[in-house]
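Please read it alongside the sequence and the coordinates.

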Amino acid sequence: MKLVDVQKLFSLPFNDLIYQAQTVHRRHFDANAVQMSTLLSIKTGNCSEDCGYCSQSARHRTEIENEALLPLQEVIDRAKQAKADGASRFCMGAAWRGPQDKDLQAVLDMIAAVRDLGLETCATLGMLRQGQAERLAEAGLDYYNHNLDTASDYYAEVITTHTHDDRLDTLGKVRDAGIKVCCGGIVGMGESREQRAQLLAELAALEPQPESVPINTLVAIPGTPLADKAAIDPIEFVRTIAAARIALPRSLVRLSAGRQQMPESLQALCFLAGANSIFCGEKLLTTPNPVGDSDKALMKKLGIHPLLPDTRQGPSLSLGAK
Ligand code: SAM
Ligand code: DTB
Ligand code: SF4
């Protein structure tokens, strides 16, 4: 879908946009099913990069405590808990520009152990060097998360230590190694509507399109350059989710960071607009997420059930259910 077409979606009357998004959603998915992933920060803080939104950059003065790579057993314990709490995918995040070869082996052991628990595996470790994606694939990694984060022409306003093209390069390596792609972005960083549309058009232009698309709203963190950004208008956010659903019809669209700040009614509108994945568990990487009980209550109220991986066909999700 071209940029002009995504822009047209944003300009539609709200009800027409939601109707179109629901129609597309029902063509490709069970409209009452939501996939659940749990995040774990396996290495926290002291990152060399200067991403303006991030609590973990060594260049910003934030309150978080740095932590070295977690021991394997702790990762296994957390993954078991996530599975017991209903997650189908476990995503391990590290605050690195990219993994050093010396650290990679420990992460490979974590991936293999989490996979053995019967969970889908995802990792987000920053930029990958030649050969690293293949090693991750061999260890059994199902998904690699690497976000475009914002429109290419806004990127340098937010991040200067690496480029949008660097991100595309890693995404290419991930695809070539046969790993599924989780790639999305953040809204509410001061970008224009045009730039939100551009981000979605750039995500939709990836070939093949990413299997998972996390749409984060900025969690404004004291001490970061974006600490004072005003929150995105909720209706504009729902429009963004609907446009993502239409532009990326077969992808899981994940309601990601910022859900803690969203009332149930807004989350329900996002599901109506085609979001069909969430992060569950009381923490994202360094910031809070809704607790399990409140998520369970919301899903019950909405009659939403878990969207599970189709084990008959390997780790990918069953599509085209309706
Ligand atoms: N270091 C790796 C990288 O940059 O790809 C992996 C971890 S990084 C924290 C993963 C993603 O989390 C970022 O690309 C960004 O989209 C999201 N993120 C980080 N901090 C955020 C915040 N304060 N608000 C919203 N999203 C955030
Ligand atoms: C993604 O797009 N969002 C997640 C995951 N991928 C790694 C991370 C959100 C982080 C929010 C801020 C924090 O908790 O530090
Ligand atoms: Fe580092 Fe990733 Fe945070 Fe950027 S987003 S500062 S690369 S942890």
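Two strands count as paired if DSSP finds at least two bridges between them. Helices (H or I, at least four residues) and strands (E, at least two) are DSSP runs, numbered from the N terminus. This is a predicted model, in which local features need pLDDT of at least 70 and side-chain atom pairs count only at pLDDT 80 or more, while totals for chains, interfaces and linings use all residues. Residues are numbered from 1 along each chain as its sequence is written, chains are lettered from A and ligands numbered from 1 in the order in which they are written, and side-chain values use heavy atoms, with hydrogens and water left out.

- Strand β6 (residues 185-187) runs parallel to β7 and is joined to it by 3 bridges.
- The bridge partner of Gly 185 in β7 is Ile 215.
- From β6 the chain passes through helix α8 (residues 193-204) to β7, in a right-handed β-α-β crossover; right-handed here means that, with the strands pointing away from the viewer, the path from the first strand over the helix to the second runs clockwise.

**Strand β8 and its two partners**

- Strand β8 (residues 252-255) pairs with β7 in the parallel sense over 4 bridges.
- Ile 215 stands opposite Leu 255 of β8, and Val 213 stands opposite Val 253.
- The chain reaches β8 from β7 through helix α9 (residues 234-247), and this β-α-β crossover is right-handed.
- Leu 252 and Arg 254 point one way from β8 and Val 253 and Leu 255 the other way, and all are buried.
- β8 is also joined to strand β9 (residues 277-280) by 2 bridges, and these strands run parallel.
- Arg 254 stands opposite Ser 277 in β9.
- A right-handed β-α-β unit is made by β8, helix α10 (residues 264-272) and β9.

**Ligand 3**

- The residues around ligand 3 (a heavy atom within 4 Å of it) are Cys 47, Glu 49, Cys 51, Tyr 53, Cys 54, Ser 57, Ala 95 and Trp 96.
- This shell divides into 6 nonpolar residues, 1 polar and 1 charged, with Ala, Val, Leu, Ile, Met, Phe, Trp, Tyr, Cys and Pro counted as nonpolar, Asp, Glu, Lys and Arg as charged, and the others, Gly among them, as polar.

**Backbone geometry**

- Most residues other than glycine have a negative phi, and most peptide bonds are trans.
- The peptide bond from Glu 207 to Pro 208 is cis, with omega near -10 degrees, and Pro 208 is placed in the loop between α8 and β7.
- Asn 46 has a positive phi, near 60 degrees, and lies in the loop between β1 (33-43) and α3 (72-84).
- Asn 46 counts as exposed because its relative accessible area is 52%.
- Asp 149 also has a positive phi, near 70 degrees, and is found in the loop between β4 (143-145) and α6 (155-158).
- Asp 149 counts as buried because its relative accessibility is 4%.

Note on methods
Buried < 20%, exposed > 50% of the residue type's maximum accessible area, 1.4 Å probe, protein only.
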